[in-house]
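Colleague: Before we go through the model together, I would like to learn how such features should be read. Could you take them in turn?

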Amino acid sequence: MTAPFPTRKQEEWRYADLDALQPVWEQLGDVATLVLAAGESLEEMWLPIADDVQVRRVQLALGEGANARIFALNNAPVYGRIELEVSLAEGAEFELYAANIGAGLSTNEIVTNVKHVGEGGRSRQVIRSVLNGKAIGSYLGKVEVARGAQQTDAEQSVKAMLLDRGATANCKPELEIFADDVKCAHGATVGELDAMQLFYAESRGLDPASARALLLEGFVMGLWDSAGEADAIGDAARAALRRAA
Amino acid sequence: MLEITNLHATVADKPILNGVSLHVPAGEVHAIMGPNGSGKSTLAYVLAGRPGYEVSEGSATFGGADLLALEPHERAAAGLFLGFQYPVEIPGVSYLQFLRESLNSQRRSRGEAELSGGEFIKLAKAQATLLGMDAEMLKRPVNVGFSGGEKKRAEMVQMGIMNPKFAVLDETDSGLDIDALKAVGAGINRIMRAPEKGVLLITHYQRLLDYVEPDKVHVLRAGLIERSGGPELAHELEREGYAEAAA
């Protein structure tokens, strides 16, 4: 059974490309559920496929002391959405390292809702977007800390690089905290490639296109540093960057 | 080899170079000294082609070709190397990858075969060792977390790897302790002292010139070469200061 079709009035669908989503909602609208028992570990790599519209909706429940680490590349030609609702029991750890790489008229978005339910949970979300043309890349990240979830440590780092004037990045970290002894850090920047870095690379012999590609690669590839097996996602990210740069 | 004639340049519409003329023949090392704000770094950047550094008059030829008509990466491929006064940090890109792609890009445009990963690492390690730099540092992101002295050493390692025909070294000696200064001086001599190569050494102080003896010393002031002479001119400047020496 598919969920009711969303509307733009819902905050978490505010920047979505609903026109592109409508025809495929029946196939893609379902939410997958993942449950980790106490102490279990999970590492996932979410790579893009060739379809115009790609949607991944996941509900992830982490038991006591469980830990999940997700590496994701969002790079749909028309509309890509990675949606994650995570709940953390006591001492659970959640890490998300994700990139939106968008070209042309595409919309790619990462929407998360991380719920710290138990004490001493840790969550870390690192998002990097590279956008050219009139592409839109969004991150909407809500962190909820429940009343009893003391010693929560939540972090959101969001950076976007716009390669053309028409590209758009939306960064929206959101916090709802009901406990008084917690750490919730968030930072967001939107920028262009650094002119001095470009000149430095060109002065060493890289042509302007290669210099841009290398700098962008550095911006994104750091995401996979802690991955067990980063070759596939690294190669996919490199290919996506070549198309965007 | 490098022939600069009546070079005028502006930065943000402000005139900085006001008619610099300078000839560095192959096989020679020339030093440019001068007070702060005299245009030394601007000259280096103009020669390397930094965007925003506009040439309004004059010319610069390198090996007979019009240097100013080339893009920065084409100047590198032609054999020009700029040692930066403030080397730039590039997070997320390892030194090995940065230099291998740069060198191979140069080699491609010269019609030479590219170096394989193994060949490059061998070359990079050898050059790092010769400059007294831990080769493990080349695995780190470009200049990130390097001290001032390490960055300058790394510039010389880059020069050793690129093996250019001509090097413009912009205050490569600043921020170095005595040991590092000796190592860098020895590196410049080893890499660049050859009959077919040339160096323009920009410095504030005499001390680097104790290790890399220049064939000529020029004093740049207010965007003009005010005096030129032999190595003894550097000693005179050191003794008497720029104000005195000009009088």
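**Reading the core and the chains**

Modeller: Of the 138 residues in the largest nonpolar core, those that touch the most other members are A:Leu62, A:Val130, A:Val220, A:Ala237 and A:Leu241; a nonpolar core is a set of buried Ala, Val, Leu, Ile, Met, Phe, Trp, Tyr and Cys residues joined through C-beta atoms within 7 Å. This is a predicted model, in which local features need pLDDT of at least 70 and side-chain atom pairs count only at pLDDT 80 or more, while totals for chains, interfaces and linings use all residues. Residues are numbered from 1 along each chain as its sequence is written, and chains are lettered from A and ligands numbered from 1 in the order in which they are written.

Colleague: Which residues is A:Leu241 in contact with, leaving aside its neighbours within four places in sequence?

Modeller: In soluble globular proteins, nonpolar side chains tend to be buried together. Two residues are in contact if their C-beta atoms, placed from the backbone, lie within 7 Å. With neighbours within four places in sequence left aside, A:Leu241 is in contact with A:Ile101, A:Val130, A:Ala213, A:Leu216, A:Glu217 and A:Val220.

Colleague: Is A:Asp52 buried or exposed?

Modeller: A residue is buried if 20 or more other C-beta atoms lie within 10 Å of its own, exposed if 12 or fewer, and partly exposed in between, with C-beta atoms placed from the backbone. A:Asp52 has 12 other C-beta atoms within 10 Å, so it is exposed. A:Asp52 lies in the loop between strand E2 (41–46) and strand E3 (53–62) of chain A, where helices (H or I, at least four residues) and strands (E, at least two) are DSSP runs, numbered from the N terminus. Beyond its neighbours within four places in sequence, A:Asp52 is in contact with A:Ala76, A:Pro77 and A:Val78.

Colleague: What radius of gyration does chain A have?

Modeller: The radius of gyration is taken over C-alpha atoms, and the globule rule is 2.2 Å times the number of residues to the power 0.38. Chain A has 18 Å, which agrees with the value near 18 Å for a compact globule with 245 residues. Of those 245 residues, 44% count as buried, and residues 24 or more positions apart account for 80% of the chain A contacts with a separation of 6 or more.

Colleague: How many helices and strands does chain B have?

Modeller: Chain B has seven helices and twelve strands. Its radius of gyration is 18 Å, close to the 18 Å that the globule rule gives for 247 residues, so chain B is as compact as a globular protein of that length.
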